[in-house]
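Hi there,

Here is the structure I promised to pass on to you. Have a look at it first, and then read my notes below.

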Amino acid sequence: MSCAVAISNSPAFSPASRVPVTKSLCKSASFSSSSPNSSKTLTKFPSFTSSSSSSSSSSSSSPSSPSLQFQILRLQKPLQASASTNRIRNSTECSTSAPVLKRKRPAKLDIPVVSTTFGNFPATPAAATADFVEVEGDGYYVCCKRGRRGPMEDRYSALVDLQGDSKEGIFGIFDGHGGAKAAEFAAENLNKNIMDELVNRKDDDVVEALKNGYLKTDSEFLNQEFRGGSCCVTALVRNGDLVVSNAGDCRAVVSRGGIAETLTSDHKPSRKDEKDRIKTSGGYVDCCNGVWRIQGSLAVSRGIGDRYLKQWIIAEPETKVVGLHPELEFLVLASDGLWDKVSNQEAVDAARPLCTGISKPQPLSASKSLIDLAVSRGSVDDISVMIIQLQRFC
């Protein structure tokens, strides 16, 4: 970018105001600045007149010529500015400028990482946050896969040989929300609390023992003053019975001769009895984007924890007792990451060829195949699947 300044040499201007421009002046005057964008160079150009080129040449040397003349002084921007030119200079020291200090780069900001979950939970062990977990136990087989929504929040528990009896065991799947703390706590304490209740009652009322075990676990977790909650499903094999309990939308399905039989009912606000209970206790249920929620927040109506919704989210489970018979082949316990994409019968149909009727059953592969099926259908949630070979406990 450049600009031009014309200095008139015409008699139309006052002679006193005429500025004679000489070759020495043009050569000696130069301007530089600390700013590259403001550097200018003064350059002399030939005179231009309205007469012929020959007369123009002669008249330019005579300042008294009547012809119209202009001395064009072009201020030209240099290609690069020297870093050493920090002030304005010229041969006559027309002006000076204070040195320009270089601005320092601001210090790097240290921004703390803030959790986006409902609660501030301690770090989860690395083993619990693995993307994929496979466990082959004594009569039970577990596969857990982390979804695409965040850290793994599902947990599981399994305990066999209860009180020295190899035909007894207790198992559970726990699906946390708002963090994994509630699921971790339930996995570590629910089985113990249930067994304590059974021993204290001497197995007189197993349904009441399960209920008190769930409520005690919930009360203990709330005393920890952590946020978040967890859905639960447990299966107790004891005294020739299969006792299944749940609070939330984790589900238990048994294969009876290849026919899927649901042993639990999901606790969701869309259920009429759950909706009526919530409204009776002063809450409300609404549907947002096709999902029913309590107080516009949680999409399950029962579970462990959830202190800020405890008035409506209860921990009391629903329990069903089934006698163990040879036609009961295997039991599937799973979180809603599976059941949202795979129906009960589809789960049994996919797992049964690997669990029964073959010389070497592969229940672990069956658990993994169910997860793969849910993922292939678009599941982005955490998925946990446990298959229990019921014949092992008959």
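Six strands build an open sheet, in the order β5-β6-β18-β17-β11-β12, with antiparallel pairing. Strands here are DSSP runs of E with at least two residues, helices are runs of H or I with at least four, and both are numbered from the N terminus; two strands pair if DSSP finds at least two bridges between them. β5 (132-136) and β12 (259-262) are the edge strands, each with a single partner, so one side of each has no neighbour in the sheet. On average, neighbouring strands are turned by 15° against each other, direction ignored.

This is a predicted model, in which local features need pLDDT of at least 70 and side-chain atom pairs count only at pLDDT 80 or more, while totals for chains, interfaces and linings use all residues. Residues are numbered from 1 along each chain as its sequence is written, and side-chain values use heavy atoms, leaving out hydrogens and water.

Valine 133 has cysteine 144 in β6 as its bridge partner.

There is also a hairpin: β7 and β8 have two residues between them, and glutamine 163 in the turn has a positive phi of about 50°. Eight bridges pair β7 (residues 154-162) with β8 in the antiparallel sense, and valine 160 stands opposite glycine 169 in β8.

β8 (165-177) also matters for my next topic, as one of the elements supplying at least two residues each to the lining of the largest pocket. By class, that lining has twelve nonpolar (Ala, Val, Leu, Ile, Met, Phe, Trp, Tyr, Cys and Pro), 15 polar (the others, Gly among them) and 16 charged residues (Asp, Glu, Lys and Arg).

Happy exploring!

Methods: Axes fitted to C-alpha atoms, helices over the stretch in contact; angles between N-to-C directions.
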